[in-house]
Amino acid sequence: MSRVQGKNTSPEIRVRKAVHAAGLRFRLHRKDLPGTPDLVLPKRGIALFVHGCYWHRHPGCRKATPPSSEFWAEKFRMNVARDRRVKAQLRKLGWHVITIWECETKDPDRLSRIIEGRVLGLTKRH
């Protein structure tokens with residue numbers, strides 16, 4: 001467990017590259033925001049999280065396998081509850097919150113479409 005990274009993970013780096021390729025600029029890991037979002041697009045008011053499917057329990061994902069013990073089940077429940085709480089806090093502060101799941105970062109074309117739909121699509125509404 002000590003080898004599990006919290007920042008600069010492979011999925012996060014793939015998302016950064018895709019967001020940058022879409023012509024968007026961002027800040028990393030803003031500690032002054034609830035939950036320390038992985039990417040923040042301040043001009044557009046977007047806080048973006050790159051969640052691991054296993055740790056954050058991506059619904060319906062094959063990587064979110066059932067926990068092996070009650071300890072892990074409780075840990076996962078707390079992770080999901082914290083994610084909901086952080087999302088609500090950010091929305092209350094006026095931020096748009098986007099989550100990109102680890103499994104969505106594997107295919108570069110799919111990731112580009114996700115960025116276009118979730119991030120660029122959101123910015124066009126303003």
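This is a predicted model: local features need pLDDT of at least 70, side-chain atom pairs count only at pLDDT 80 or more; totals for chains, interfaces and linings use all residues.
User: How many disulfides does the whole structure have, and what keeps C61 out of one?

Analyst: A search of the whole structure turns up 0 disulfides. For C61, the nearest cysteine sulfur belongs to C53, 3.7 Å away, and the cut-off is 2.5 Å.

User: Is C61 buried or exposed, and how do you know?

Analyst: Its relative accessibility is 14%. Buried means under 20%, so C61 counts as buried.

User: Thanks! Turning to charges, why is the contact of E12 with R16 called a salt bridge?

Analyst: The closest N and O atoms of E12 and R16 are 2.8 Å apart, and the limit is 4 Å, so the pair qualifies. In general, side chains of opposite charge can pair when their charged atoms come close. E12 and R16 are both buried. They sit 4 residues apart in helix α1 (residues 10-21), so about one helical turn separates them.

User: How many salt bridges does the rule give, and what makes R77 and E74 one of them?

Analyst: The count comes to 6 salt bridges. The side chains of R77 and E74 meet at 3.1 Å, N to O, which is within 4 Å, so this is a salt bridge. R77 and E74 are 3 residues apart in helix α3 (residues 70-92), about one helical turn. E70 joins in too: E70, E74 and R77 are linked in a network of salt bridges.

User: What makes R118 and E104 a salt bridge?

Analyst: Their N to O distance is 2.7 Å, and the limit is 4 Å. This pair links distant parts of the chain, 14 residues apart: R118 is in helix α4 (residues 108-124) and E104 in the loop between β4 (96-101) and α4. R118 is partly exposed at 32% relative accessibility, whereas E104 is buried, with a relative accessible area of 6%.

User: How many aromatic pairs are there, and why is the one between Y54 and F76 called edge-to-face?

Analyst: There are 6 aromatic pairs. The ring centres of Y54 and F76 are 5.1 Å apart, with 80 degrees between the planes. Y54 lies in helix α2 (residues 53-56) and F76 in helix α3, so the pair ties together parts 22 residues apart in sequence. W55 and F76 also form an edge-to-face pair, at 5.9 Å and 65 degrees.

User: Which residues form the ring cluster, and how do you know that the charged end of R57 sits over the ring of F76?

Analyst: The cluster joins Y54, W55, F71, W72 and F76. The charged end of R57 is 4.2 Å from the centre of the F76 ring, against a distance limit of 6 Å. R57 also lies over the face of Y54, at 5.4 Å from the ring centre.

Notes:
Residues are numbered from 1 along each chain as its sequence is written. Side-chain values use heavy atoms; hydrogens and water are left out. Helices (H or I, at least four residues) and strands (E, at least two) are DSSP runs, numbered from the N terminus. Buried means under 20% relative accessible area, exposed over 50%, partly exposed in between (1.4 Å probe, protein chains only). Rings of Phe, Tyr and Trp (its six-membered ring) pair if their centres lie within 6.5 Å; planes under 30 degrees apart count as stacked, over 60 as edge-to-face and the rest as tilted. A charge sits over a ring if NZ of Lys or CZ of Arg is within 6 Å of the ring centre and within 35 degrees of the ring normal.
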